[in-house]
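Please have a look at it on the screen before I go on.

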Amino acid sequence: MSMKRTNVYADPEDLAIIKEAAKRRGISEAEIIRQGIHLAAMANRVWDEPLFSRTFEGAGRTPGKREVRDTVADAVRRETGTATAA
């Protein structure tokens, strides 16, 4: 993979933490910084499609664990055409 060099300003305390972590993990400080840049990029990415493409009808309240399980199981049965009970 091709890399591009860039310069950034960082808080000295953050750099000290990165230095300690790199030593502890046995990797370079640059690798930790690259991982941080990647996480920031992914957190701010605008996706072409929504993460959840399906919606479920709800009662306007937080459902319980059993209700969620039953709702998902019903949706799977409808999509796969199976009629077995969960």
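This is a predicted model: local features need pLDDT of at least 70, side-chain atom pairs count only at pLDDT 80 or more; totals for chains, interfaces and linings use all residues.

Let me begin with Asp 70, which is partly exposed at a relative accessible area of 30%, where buried stands for under 20% relative accessible area, exposed for over 50% and partly exposed for what lies in between, with a 1.4 Å probe and protein chains only. Residues are numbered from 1 along each chain as its sequence is written, and side-chain values use heavy atoms, with hydrogens and water left out.

Asp 70 is the partner of Arg 66 in a salt bridge whose closest N and O atoms are 3.9 Å apart; by salt bridge I mean a side-chain nitrogen of Lys or Arg within 4 Å of a carboxyl oxygen of Asp or Glu. Both residues belong to helix H3, residues 65-80, and sit four residues apart, about one turn of the helix. Arg 66, for its part, is exposed, with a relative accessible area of 60%.

Asp 74 is partly exposed, its relative accessible area being 33%.

Turning to helix H2, residues 29-43, we find Glu 31 and Arg 34, again three residues apart, about one turn of the helix. Their salt bridge has its closest N and O atoms 3.1 Å apart, and Glu 31 is partly exposed at 28% relative accessible area, as is Arg 34 at 36%.

How many salt bridges does the structure hold? The count is six.

As for the chain as a whole, it has three helices and zero strands, these being DSSP runs numbered from the N terminus, with helices (H or I) of at least four residues and strands (E) of at least two. Of its 86 residues, 7% are buried. The accessible surface comes to about 8,500 Å², with 56% of it belonging to carbon and sulfur atoms, as computed by the Shrake-Rupley method with a 1.4 Å probe.
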